[in-house]
Amino acid sequence: PLCIFLHSKLSEKPQTYFFLLTSADEPSHLSSTMSDLRLQTKICLSSIIFLLIVSFQAPSLSIWRPSSLSNATSNNTGIENDDFYPVSRLLSTGNSIQNLKVINWDKFLSSVLNIRISNSSRQCDIDLEGGCNCKHLVALSKGESTKQDRWQRHHQSLVQTSQSFTGDLDVLFLGDSIIEQWNGTRWLGKRSFIDSRKSFQNTFSKAHGAQLEGLALGAAGDNVQNLNWHVQNGFLPERVSPRVIWILIGTNNFGQHCSTPENVASGVLEVVHQSHLRKPNATIVVQGLLPRSDSIGNFLLGDSWNQIQRTNDLLKSISRLIPFLHYYEFPSDKLLISKQEMSNQFLRDGVHPSAAGYDLIGKDIEAEILKLLS
């Protein structure tokens with residue numbers, strides 16, 4: 001039966017690298033015609049030969065076995081070992097993965113992250129001596145100690161905002177200071193940012209004539225670990241059912257830490273995973289990170305932008321695999337005056353959009369969401 005199944009599957013789609021072998025998947029149209037032992041033997045041999053050929057041509061071929069799934073409850077990975085799940089290698093090498101096929105999306109996301117953590121998925125926080133103190137990238141993390149009280153108060157304020165929302169919610173934005181400032185505050189609610197708030201209301205408040213109703217939950221300085229903590233501690237209450245969850249996070253992992261693109265992509269996927277577990281009916285959109293300088297106030301593009309482009313490429317490739325996940329990237333050339341320099345008209349400090357920048361980006365995001373919901 002195994003040979004018959006392999007033969008039918010590989011003949012049907014040899015480019016499929018991930019599939020699940022179960023007795024229930026035995027092709028029904030073969031069950032009544034394969035009684036002849038000699039025919040079964042020929043098919044079995046041809047299946048084995050074909051499998052060997054495809055294995056040489058596609059070294060990333062992996063079989064996700066039922067025995068692996070039986071252990072999923074205990075280890076939350078859905079796999080037995082890395083040999084049967086080469087996604088971590090694809091992430092680290094940047095090979096094309098658009099042809100891969102995954103059975104269970106939640107297990108897929110968990111497995112990618114668990115593999116990355118067990119091997120090299122570590123983030124480096126810059127310590128006082130200027131070196132790197134490595135921590136797991138996707139570990140739950142609150143705000144840093146110097147601002148933790150204010151960060152916690154801001155978190156509770158955003159949780160209350162989310163819990164008190166009534167009516168139909170088209171889109172929920174999750175992110176860092178870029179999202180916070182769009183919502184009208186800066187520095188964890190310490191200062192108002194009125195012009196940006198008007199931009200958000202004009203695009204995502206039906207009370208102000210917009211087509212869509214939106215809610216923005218963002219915290220200045222947040223990295224992917226912080227947003228992961230927010231999501232698991234109240235940002236997505238049961239009573240709120242956004243049609244779209246829009247995630248923009250990760251720029252601070254480059255601006256404040258020694259993170260790699262693979263690490264940041266893994267962290268963003270964990271936010272996606274946790275969001276989907278809580279809101280399985282929502283469409284989730286990961287926005288590619290915007291251009292940024294290596295330091296606030298500088299408008300020249302440098303290493304941070306190179307790292308961001310690599311991160312965006314990874315997120316775009318992975319998003320193609322997941323039916324509830326979409327990737328969006330605002331055209332970066334609209335924010336630049338050259339390949340080396342950003343426009344201060346749209347990025348006021350080399351990191352955050354100006355009011356005009358929010359207007360420009362917001363209209364494009366609005367069009368994307370309307371297309372998703374149509």
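Is Asp 349 buried or partly exposed? In this predicted model, Asp 349 counts as buried, with a relative accessibility of 10%. The side chain of Asp 349 meets that of Arg 348 in a salt bridge, with 3.6 Å from N to O. Arg 348, for its part, counts as partly exposed, at 28% relative accessibility.

Across the whole structure, five salt bridges are found. One of them joins Arg 243 to Asp 170, whose closest N and O atoms lie 3.3 Å apart. Asp 170 is buried, at 6% relative accessibility, and Arg 243 is partly exposed, with a relative accessible area of 41%.

A further salt bridge links the side chains of Lys 363 and Glu 366, at 3.9 Å from N to O. Both residues belong to helix 15, where they are three residues apart, or about one turn of the helix. An α-helix has 3.6 residues a turn, so residues three or four places apart point the same way. Lys 363 counts as partly exposed at 46% relative accessibility, and Glu 366 counts as buried at 9%. Elsewhere, salt bridges with shared partners connect Asp 170, Lys 206 and Arg 243 into one network.

The next topic is the cavities. The structure contains two cavities of 30 Å³ or more. The largest has a volume of about 60 Å³, and its lining consists of Phe 173, Ile 178, Ile 179, Trp 182, Trp 246, Leu 248, Gln 287, Leu 290, Pro 353, Tyr 358, Ile 361 and Ile 365. Two or more of the lining residues come from each of helix 9 (177–182), strand 7 (244–248) and helix 15 (355–373). Sorted by class, this lining has eleven nonpolar residues, one polar residue and no charged residues.

The second largest cavity holds about 40 Å³ of space. Around this second cavity are Gly 288, Leu 289, Leu 290, Pro 291, Trp 305, Asn 312, Glu 329, Phe 330 and Ser 332. Its lining comprises five nonpolar, three polar and one charged residues.

Packing within the fold can be followed from helix 10 (residues 194–204). The buried residues of helix 10 are Ser 196, Ser 199, Phe 200, Gln 201, Thr 203 and Phe 204. These buried residues pack against strand 3, helix 9, strand 6 (214–218) and helix 15.

Ile 249 is located in the loop between strand 7 and helix 12 (251–255), and counts as buried at 3% relative accessibility. Leaving aside residues up to four places away in sequence, Ile 249 touches Gly 175, Asp 176, Asp 222, Asn 223, Val 224, Leu 227, Val 268 and Leu 289. Of these contacts, Leu 289 is 40 residues from Ile 249 in sequence, and the two C-alpha atoms are 7.2 Å apart in space.

Methods:
Residues numbered from 1 in each chain as written. Predicted model: local features only at pLDDT ≥ 70, side-chain atom pairs only at ≥ 80, totals over all residues. Heavy atoms only, no water. 1 Å grid on protein atoms, 1.4 Å probe; cavity = no way out; pocket = protein on both sides within 12 Å on 5 of 7 lines; lining within 4 Å. Points joined across faces, edges and corners; volume = space filled by probe spheres on them. Helix = DSSP H or I, 4+ residues; strand = E, 2+ residues; numbered from the N terminus. Nonpolar A, V, L, I, M, F, W, Y, C, P; charged D, E, K, R; others polar. Salt bridge = Lys/Arg side-chain N within 4 Å of Asp/Glu carboxyl O. Buried < 20%, exposed > 50% of the residue type's maximum accessible area, 1.4 Å probe, protein only. Contact = heavy atoms within 4.5 Å.
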